[in-house]
Amino acid sequence: MSGSWWSSEPVTHGLVALFAMGSWISVNSLWVELPVVVNVLPEGWNLPAYISVLIAFGNIGPVAVTITHHCAPGRLNERIIIHCIQALAVVSSALLAVFWSHTLTIAGEERSLPFLLFTFLLSFVCCTSNVTFLPFMFSYPQQYIRTFFIGQGLSALVPCVVALGQGVGKLECKTVNGTVHPEYLKENFPAQNFFWSLFVMLSISALSFQALMRRQVKSQEDAPALESENAAPVKNGVESDLLQNGGTQVSEELVQIEEVPQTFWTKRNIYLLSLLAISNALTNGVLPSVQSFTCLPYGTMTFHLSVVLGNIANPLACFVLHWSQLPVYRGIAFASYLMALAAISPCPPLRENSAGGALVVISWIVFTGLLSYVKVAIGTLLHEAGHSALLWCGISIQAGSLIGALTMFPLINVYQVFEQGRDCVNNC
């Protein structure tokens, strides 16, 4: 009975979701904990710029995997790579929890070198997961792709929930000598505990992948019994394959490698990959960069609700039934509205009206949900095209995210296109 329970489909879905949760939970955790660590580390509010650059350098991983697939097709063992990057993530998160606040003096200035080093390692893991986790999912039926993206949605939701419990970013406006100034409230638990929770989540993800591997091994051990019962049909099938391939049995990997270059790069698949890159540029790069500009003029509660409820919409969108057309342009419409709010920040319309804050939160929920659905739908469609299709799916996700982030970085940090309001002050 216990064996049948362990091999059941719901357990597999749960393990896939927990495995996928470890994909981007590290970088998402670093971003939500930023308001706490900037008050301790010497880089201060320049720290987001450092993190963005380190995430960009983390793309060394996807580039190396892609080159290896191109130069030595079929030689790369994704399971070993996943084990390695998961082990690296677990060790790095544990060391981050211990040494995150330590600093070193470099060229006469204090630098948080341990924090920056472990940030790079965790970014390397997250970026590499896009081109290893998704291709690995080709070994599972198509319906598990949706579960995988639900797990990726949890990688954004879980850190937000923990940060809300920590009380990140809470403040009170107090008047001293006739002057109003913000007083930031102390968190419910320190950043070290938050990073230990990241260690626990990454460990759960790694153990889930290990469980999936053990289940696959068990399935392969049970396969000979079934093969002996169906020896004649298998034999006939092999003979048929030999006849169809000129008397030479072709391996499954070779068939896949030969077919993909001929059939994958169709107009349809190029269109899907382009939509995927655009969607991820908006959801992972462009809009998150300006979320504070769109929400904070309406209050910190609006900001927290948009972050948390938007991340809840991410996994929930994976359960939505298929529409006849991908809702990319509807998502872009909501993205345009949010970008317009950021452009006129800190004085957006309905700033002192509760309806304005509600509209912003709803816009973030719908925007995130629509484009999360697009990602799931395209991933499901590309699953039909084979292993290499899922590799290019991961590459498109990573490329779109990188382009979006690099586009917004100079606009915000160099040219300061968007104006930031001050807390407890009427900026208009």
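1. Where is Ala107 found? In this predicted model, Ala107 belongs to the loop that joins β1 (104-106) to β2 (109-111). Ala107 has a relative accessible area of 80% and is therefore exposed, since the term applies over 50%. Its backbone deserves a remark, for Ala107 has a positive phi of about 55 degrees although it is not a glycine. Most residues other than glycine have a negative phi.

2. A second residue with this backbone feature is Leu350, which is not a glycine and has a positive phi of about 60 degrees. Leu350 is placed in the loop between α17 and α18. Its relative accessibility is 45%, so Leu350 counts as partly exposed.

3. The loop between α17 (328-343) and α18 (354-383) also holds Pro346. The peptide bond that leads from Ser345 to Pro346 is cis, with omega near 10 degrees. Most peptide bonds are trans.

4. The overall composition may be stated next. The protein chain contains 19 helices and 4 strands. Of its 428 residues, 44% are buried. Among contacts with a separation of 6 or more, 82% are between residues 24 or more positions apart.

5. Helix α3 (residues 25-32) is mostly covered, with 6 of its 8 residues buried. The buried residues are Ile25, Ser26, Val27, Ser29, Leu30 and Val32. Two of these, Ser26 and Val27, return in the next point.

6. Is Ser123 buried or exposed? Ser123 lies in helix α8, and its relative accessibility is 0%, so it counts as buried. Ser123 and Ser26 are 97 residues apart in sequence, whereas their C-alpha atoms are 7.4 Å apart in space. With neighbours up to four places away in sequence set aside, the contacts of Ser123 are Val27, Leu54, Ile55 and Gly58.

7. Helix α8 also packs with helix α6 (residues 60-71): the two axes come within 7 Å and cross at roughly 40 degrees. The two helices are therefore oblique to each other, and α6 passes α8 in a right-handed crossing. On the α6 side the contact is made by Ile60, Gly61, Pro62 and Val65, and on the α8 side by Phe124, Cys127 and Thr128. Sorted by class, this contact has 5 nonpolar residues, 2 polar residues and no charged residues.

8. The loop between α8 (113-129) and α9 (133-136) contains Asn130. Asn130 has a relative accessible area of 3% and is therefore buried. What does the side chain of Asn130 make a polar contact with? The partner is the side chain of Trp24, at 3.4 Å. Beyond its neighbours within four places in sequence, Asn130 is in contact with Trp24, Pro135, Gln152, Gly394, Ile397 and Gln398.

9. Helix α18 contains Thr380, a residue that is buried because its relative accessible area of 12% is under 20%. A polar atom of the Thr380 side chain lies 2.9 Å from the backbone oxygen of Val376. When residues up to four places away in sequence are not counted, Thr380 touches Gln142 and Ile145.

10. Helix α18 also packs with helix α14 (residues 267-289), at an angle of about 150 degrees and with the axes 10 Å apart. The crossing in which α14 passes α18 is left-handed. By class, the contact has 14 nonpolar, 4 polar and 2 charged residues.

Terms used: Residues are numbered from 1 along each chain as its sequence is written. This is a predicted model: local features need pLDDT of at least 70, side-chain atom pairs count only at pLDDT 80 or more; totals for chains, interfaces and linings use all residues. Side-chain values use heavy atoms; hydrogens and water are left out. Buried means under 20% relative accessible area, exposed over 50%, partly exposed in between (1.4 Å probe, protein chains only). A polar contact is a pair of N or O atoms within 3.5 Å; within protein, one must be able to donate a hydrogen and the other to accept it, and residues adjacent in sequence count only if both atoms are side-chain atoms. Contact means heavy atoms within 4.5 Å. Axes are lines fitted to C-alpha atoms, for helices over the stretch in contact, and angles run from 0 to 180 degrees between N-to-C directions. Angles under 35 degrees count as roughly parallel, over 145 as roughly antiparallel, 65 to 115 as roughly perpendicular and the rest as oblique. A crossing is left-handed if the near helix is turned anticlockwise from the far one by less than a right angle, and right-handed if clockwise. Ala, Val, Leu, Ile, Met, Phe, Trp, Tyr, Cys and Pro count as nonpolar, Asp, Glu, Lys and Arg as charged, and the others, Gly among them, as polar.
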